[in-house]
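Thanks, everyone; I would like to walk you through one model this morning, going from helix packing to the sheets and then to a pair of rings. Please have the structure open as I talk.

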Amino acid sequence: MQIAFHAQSHKGLVRQLNEDACLAMPEAGVWAVADGMGGHAAGDVASQMVMDMLKTVVDSAGKSLTAAMLSQALQNANKALVQYSQQQLLGTMAGSTVVVLFIQPDRYHLLWAGDSRCYLLRDNTLQQLSHDHSQVNEMVAQGLLAASEAESHQLANVITRAVGVDSELDVAMISEQTMAGDLFLLCTDGLTKELPDNEIFQYLQHDDLADASKALLHSTLVAGAKDNVTSILVKLQSISNVNINDKTIPLNLKNV
């Protein structure tokens, strides 16, 4: 089985700075996106620091890489960001949400903190694998708020868990079996705040991975793209189904 992917990042139509970052290491089966918080000289530094820490661990681990190592990398990034905020920003917070996908031959592992998401399209059904670490999501879970009211709620932007925010980071993680044809979408909330799940589902039906990815970005821009937008599509497919037109965007390249 082969893995095809397409990654992209855009600053959107309102923000002056792209505080998102992404990582694609297909040789190791690792992909990640991060959404920085803290503004200029903080948010973009935070998201890139998380990606750099993940890359360092993946490079050093080689074929011995485990999900536990990736979790530890996020813990290390958390400590580094807390220290950076204290020493370089006079206590002003530099934080970042993150979602990491690690694919092994027969299993996938998902790690996250914050409201950057991972979706799985399998058997023509779209499922959100991650759950947002946000104030409104907790209110919905407790029955205090209807799910339909969450996006428009005044606390919709309040994140309850992120890298660099607290001295200790609680990383959420799930591990499940993979299936041929699985299509994963990793994305920051700049995409999900503009596109409902049913629209995302429609675009993921496209046979060409790059075209599906570009359609997601285009529709987000048409909708106003009030935030930075970053997404990665990762598809497990048989060798006979590999599309040589599927391509990647280099890790440090950001579309503006």
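This is a predicted model: local features need pLDDT of at least 70, side-chain atom pairs count only at pLDDT 80 or more; totals for chains, interfaces and linings use all residues.

Let me begin with a crossing: helix α1 passes helix α2 in a right-handed sense, where right-handed means that the near helix is turned clockwise from the far one by less than a right angle, and left-handed that it is turned anticlockwise. Residues are numbered from 1 along each chain as its sequence is written, and side-chain values use heavy atoms, with hydrogens and water left out.

Helices (H or I, at least four residues) and strands (E, at least two) are DSSP runs, numbered from the N terminus. Helix α1 covers residues 43-61 and helix α2 residues 67-88, and the two pack at an angle of about 140° with their axes 9 Å apart. Axes here are lines fitted to C-alpha atoms, for helices over the stretch in contact, and angles run from 0 to 180 degrees between N-to-C directions. The two helices are therefore oblique to each other, given that angles under 35 degrees count as roughly parallel, over 145 as roughly antiparallel, 65 to 115 as roughly perpendicular and the rest as oblique.

On the α1 side, the contact (heavy atoms within 4.5 Å) includes Val45, Met49, Met53 and Val57, and on the α2 side it includes Leu70, Ala73, Asn76 and Tyr84. By class, the residues of this contact divide into 17 nonpolar, one polar and no charged; Ala, Val, Leu, Ile, Met, Phe, Trp, Tyr, Cys and Pro count as nonpolar, Asp, Glu, Lys and Arg as charged, and the others, Gly among them, as polar.

Now to the sheets. Five strands form an open, antiparallel sheet in the order β2-β3-β4-β5-β8, where two strands pair if DSSP finds at least two bridges between them. Its edge strands are β2 (20-25) and β8 (172-177), each pairing on one side only, and neighbouring strands are turned by 10° against each other on average, direction ignored. β2 and β3 (residues 30-37) pair over six bridges, with Asp20 finding its bridge partner in Asp35 of β3. Helix α1 packs on this sheet as well, touching β2, β3 and β4 (95-103), and its direction makes about 15° with that of β2.

A second open sheet, again of five strands with antiparallel pairing, runs in the order β1-β10-β9-β6-β7. Here β1 (2-10) and β7 (125-128) are the edge strands, and the twist averages 15° from one strand to the next. Strand β6 (residues 117-122) pairs with β9 over five bridges, and the bridge partner of Leu120 in β9 is Phe184.

Which residue forms an aromatic pair with Phe184? It is Tyr108, in an edge-to-face arrangement with 5.0 Å centre to centre and 65° between the planes. Rings of Phe, Tyr and Trp (its six-membered ring) pair if their centres lie within 6.5 Å, with planes under 30 degrees apart counted as stacked, over 60 as edge-to-face and the rest as tilted. This pair links distant parts of the chain, Tyr108 in β5 (residues 107-113) and Phe184 in β9 (residues 183-187), 76 residues apart.
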